[in-house]
Amino acid sequence: LSSLLIGVRIYRDEFLPKGLKRAQITQVLGEVDRRTEHGLRDYAIMILLATYGLRVSEILSLKLSDFDWGHNAIRFYRPKSRDHLDLPLLAEAGNAVIDYIRNERPRAAAPDLFVFPQKEKTAKVASIARKYFKRAGIEVSGNVTKTFRHSLAMEMVSRGVPFKVISDALGHRNGDSTYVYAKTDVAKLREVALCPPGGEPCPSK
């Protein structure tokens with residue numbers, strides 16, 4: 001019987017990344033009330049996720065010393081590729097981090113920017129993000145923090161940012177991981193679409 005069964009073939013990159021529009025990301029960020037307990041911490045985390053498309057491990061690896069305030073720069077350690085990436089510290093992200101450090105961060109000796117119990121770190125960041133997506137009424141399946149990553153990559157592709165720049169910013173070791181986002185740019189795909197044979201109407205470009 002097993003020889004007669006036909007398995008379902010799943011091709012590589014058959015499922016496209018799912019991201020959100022910038023307006024939806026802004027809506028989610030707007031749900032963070034910075035006046036509440038942990039509001040400044042949550043907002044700083046969410047802004048960093050949205051601005052840089054960080055992995056959770058990169059958020060948790062951030063140290064106070066990674067911020068070069070004099071040169072408006074930030075250094076990310078990327079555990080997956082075991083290297084560092086230096087990027088400009090954008091104003092909105094920098095202001096959120098400063099506000100958190102000055103007014104809410106525990107006066108701990110730990111060098112970590114975000115202070116969590118060791119066993120709760122990864123789950124805590126994911127639950128923070130999930131909470132504000134839920135408040136915004138936006139349903140996200142799977143890894144909720146990756147939604148920020150996918151959204152940023154898709155927006156960069158739509159703006160015509162070179163794939164090498166996107167790949168470096170996201171810390172992709174394999175360019176194929178970046179090129180998959182080309183399939184999400186419907187407008188660009190329409191520009192290169194071929195007209196079907198047989199005299200049928202050509203898709204509008």
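User: What makes strand E2 and E3 a pair, and in which sense do they run?

Analyst: In this predicted model, strand E2 (residues 73–78) is joined to E3 by 6 bridges in the antiparallel sense.

User: Why are strand E1 and strand E3 said to stand at the edges?

Analyst: The open sheet has 3 strands in the order E1-E2-E3, with antiparallel pairing. Strand E1 (67–68) and strand E3 (83–88) each have a single partner strand, so one side of each has no neighbour in the sheet.

User: Why is H2 called roughly antiparallel to H4?

Analyst: H2 and helix H4 (residues 91–103) pack at an angle of about 155°, their axes 9 Å apart. Angles over 145 degrees count as roughly antiparallel, and H2 is therefore roughly antiparallel to H4. Their crossing is left-handed. Residues of H2 that meet H4 include Leu40, Ala44 and Leu48. By class, the contact comprises 10 nonpolar, 2 polar and 3 charged residues.

User: What makes H2 roughly perpendicular to H5?

Analyst: The axes of helix H2 (residues 39–52) and helix H5 (residues 121–135) come within 10 Å and cross at roughly 90°. The range for roughly perpendicular is 65 to 115 degrees, so H2 is roughly perpendicular to H5. On the H2 side, the contact is made by Arg41, Asp42, Ile45 and Met46. The residues of this contact of H2 with H5 divide into 6 nonpolar, no polar and 4 charged.

How values were computed: Residues numbered from 1 in each chain as written. Predicted model: local features only at pLDDT ≥ 70, side-chain atom pairs only at ≥ 80, totals over all residues. Heavy atoms only, no water. Axes fitted to C-alpha atoms, helices over the stretch in contact; angles between N-to-C directions. Helix = DSSP H or I, 4+ residues; strand = E, 2+ residues; numbered from the N terminus. Parallel < 35°, antiparallel > 145°, perpendicular 65-115°, else oblique. Contact = heavy atoms within 4.5 Å. Nonpolar A, V, L, I, M, F, W, Y, C, P; charged D, E, K, R; others polar. Left-handed = near helix turned anticlockwise from the far one by under 90°. Pairing = 2+ DSSP bridges.
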